[in-house]
Amino acid sequence: MTDARGQMTEPRMTRLTDFQPYPFRVNQVELTFELDPLSTRVTQVSQFERIGDEAVPLVLNGLDLALESISIDGMPLDQTHYRRVDETLTIDEIPESFTLVVVTRIAPAANTALEGLYVSNGMFCTQCEAEGFRRITYYPDRPDVLAKFRTRIVAPAEYPTLLSNGNLIAETTHPNAVRDVVWEDPFPKPCYLFALVAGDLACVADEFVTMSGRAVDLRIYVEAKDLDRVDHAMQSLKRAMLWDEEVYGREYDLDVFMIVAVSHFNMGAMENKGLNIFNTSCVLASPESATDQAFQRIEAIVAHEYFHNWSGNRVTCRDWFQLSLKEGFTVFRDSAFSADVNSPAVKRIQDVSYLRTAQFNEDGGPTAHPVQPESYLEISNFYTLTIYEKGAEVVRMLATLLGPELFRKGTDLYFDRHDGSAATIEDFVAAMADVSGRDLTQFMQWYRIAGTPRLSVDTTMEGDTLVVQLRQAAPVIHSGELPPFLIPIRMAVIDAISGEEIVPETVVELATASQTLRFPGLTGQPVLSVLRGLSAPVKLDVSRSLDERLALARFDQDGVSQWDAMQSLWIDTLVDLVRDGSSPLLLPVTELVSGLLQDATALRDPARLAELLTLPADTVLWDRMRPADPQAIVSVRKQLRTHLARELADQWSGVYHAMQVDGPYRPVAGEIGQRSLGLLALGMMARHGGCDAVLTALFDHATNLTERFAAYRIARVDASADVGVTLSERFLAAAETDEVLDLWLSTEAVNESTATLERVQELTMHPRFSWTNPNRVRAVVGAFAHRNVKAFHCAEGYAWLADVIGRLDQSNPQMASRMVQPLGQWALLATPYATAMQAALESLAVMKLSTDLYEIVEKSRKPS
């Protein structure tokens, strides 16, 4: 294994049990940046005060820094006064309080890791979470060291926009046209929240008046060519600010809130205090350059980063083992926001689908880890679905157990207790325990144990009494006994004939290995609707007859339970087709779909119906059919779609035309739902054949990217070859923005008709493709590895991905490590695939790897 400089090192494990508070307090930090792309000079002046053991030395972190000078209280230190080892600089003899001055030089233009200070499209920007600040200056780069920052930026005239955290307090233009600005953040923060941007940017400005009457300036900075694509992000920001006041009582605290769009960015966005830095794909939108899904994603990400102002910035995490304290809680908050401004049922179905498709897969694989990890080699590898999505589900369970009123009191207490400090997961749960009077010791297992627990549900009728037997089992990745989890289970009973709820919804807390419930005095045909809304992140095994599942898929008022019943029918049908070539479920499932397409109630919520009619993801099927043959599953998926397209051809056509939206494009929930169902129906029409003219007409006359992209995407798979090629060429010719280009690249990389490995390699040679731009790499390599089953799942596909990962590791280790996941799924697949995946991982293991990549490759090689 090698470090970022290519030098051989031994991996060093960081453990939660080894945590020690930093022995110094940093009261004030003053930074001066003299910007130059090739050689930027950084001067740090910091006020330190000892708060720990006198015998403990001062340890600072630094990486790839040219140290010009270092002094304490004005006394220069030479190399006999300090030691530099790996990423630390240690000074043994330190007074009780002192002023530290460090002068370093860095090379932003050469920084391809995109951590610390780097240059993107001629613009300086930063990314300091988790450990990027050490690439700027020597400093205690850890989240529990909070200080007030004042930042001075000195730059030539070609960088007229100079931004940092906090409020602008001084601005000067010198006679030589050099600009000089000073920003001051009055709130203490860890260095991972530091931000700087310098460039020639245009600004869209607005204002938000807080609940206390303060006027806050809102600014979004972009390249001038993108000014017309900012309004949606601005309106999303204002909605999020209002929502956080109304739902959590949280008001913004600075005079200005800024967002900057950056084209080269490893993350989606970063919540730096007062100066959020966003990947351009997460902030820029117009009807011509963003799909419905992109509009919704932008709204959610803008809200997520804004909500971090309290759940992450004002209260931060003590150490990186507490990462889900800010990320899981904030995902929970942004999910609730998106549900409130769109469709709660559809948003929850989408969240549950993503959890089961991706996070459950992670939780059962070689990189499984608890929401609160116990150790890591490289913290950037723990920005995972478990930390974010499962962490949000754990917070959701707390909200379910306490109820809305007590949960709000708990969050208020948490913010009040820990404002301006670094907290732990235990602090968050303690606030909930204190307001509710509950002992939540058992609940902490959700944070500390990896894997997905299993919940088994059996029902029987004893006369007019429905008897429900609940049993829980430990995650399959654990071979031994585990104490039971505290599992909140939302359930109701419906009548299979009328669809009415005959037992209203209730929440049952399963705190033991098993529990029996009895619902007496029932009439009709009772069917249990259980784990509604996915009230706990568990794998559900429930014994239901075909008639019961059909009834739930028709009538259940809970969106997730209805969708779950439909998913079980889809899964069983596909399993039958793989194993037997036919399925007795084909007729009843086809009749069910036909009925839903004619149901006026279902059609009134087209987005929900579209989710019901979407087939399960491959990873869900792999888990069910392990060891799975991915190519066989692709084949039967196509077989099932062809059957439904043929049998219900007239209904698909009717739904497509009924879902047309009149008037100008609006990315609002109702119209997004109509387009979603309508385009799903169009895909079925194309699958049946004879749709070339319809697809071409839609492409020609579409007033928005959602419909134009759908016409091209569907044509690429199910139209004639000539039409598919023509629409592909026309879509690319009109792809003026990078976001539209990425849609074209990803579609060309995944469509099952033409996307061979050779075609994917050709895409990486396109003039607008760049290996240094994470968005381009994700659009081609990421899409190919995750979604092109036909071409990727073979020895050649796996070997090519391994080669790409090894090359990426030389310039961007974070990006490289995040590309490994498709190769870590070998335990789910049949022998030929598993063996080839393991060979690809072994080819990586013998290379000289960064810490980021080494950790993921080593875990992925081991059985889950």
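**Aromatic rings and the charges over them**

Reply: In this predicted model, Arg333 lies over the face of Phe329, at 5.5 Å from the ring centre. Another arginine, Arg250, has its charged end over the ring of Trp310, 4.6 Å from the centre of that ring. Phe329 and Trp310 both belong to one aromatic cluster, whose other members include Trp243, Tyr248, Phe257, Tyr414, Phe415 and Phe428.

A search of the whole structure finds 41 aromatic pairs. One of them is formed by Tyr252 and Tyr306, a tilted pair with 6.0 Å from centre to centre and 45° between the planes. Because Tyr252 lies in the loop between α1 (231-248) and β19 (256-262), while Tyr306 belongs to helix α2 (residues 292-307), this pair ties together parts that are 54 residues apart in sequence. Both tyrosines, Tyr252 and Tyr306, are buried.

The rings of Phe307 and Phe337 have their planes at 80° and their centres 5.8 Å apart, so this pair is edge-to-face. Phe307 is buried, as is Phe337.

Taken together, Tyr252, Tyr306, Phe307 and Phe337 are among the members of the one aromatic cluster, and that cluster also holds Trp310 and Phe329, the rings over which Arg250 and Arg333 are placed.

Notes: Residues are numbered from 1 along each chain as its sequence is written. This is a predicted model: local features need pLDDT of at least 70, side-chain atom pairs count only at pLDDT 80 or more; totals for chains, interfaces and linings use all residues. Side-chain values use heavy atoms; hydrogens and water are left out. Rings of Phe, Tyr and Trp (its six-membered ring) pair if their centres lie within 6.5 Å; planes under 30 degrees apart count as stacked, over 60 as edge-to-face and the rest as tilted. Helices (H or I, at least four residues) and strands (E, at least two) are DSSP runs, numbered from the N terminus. Buried means under 20% relative accessible area, exposed over 50%, partly exposed in between (1.4 Å probe, protein chains only). A charge sits over a ring if NZ of Lys or CZ of Arg is within 6 Å of the ring centre and within 35 degrees of the ring normal.
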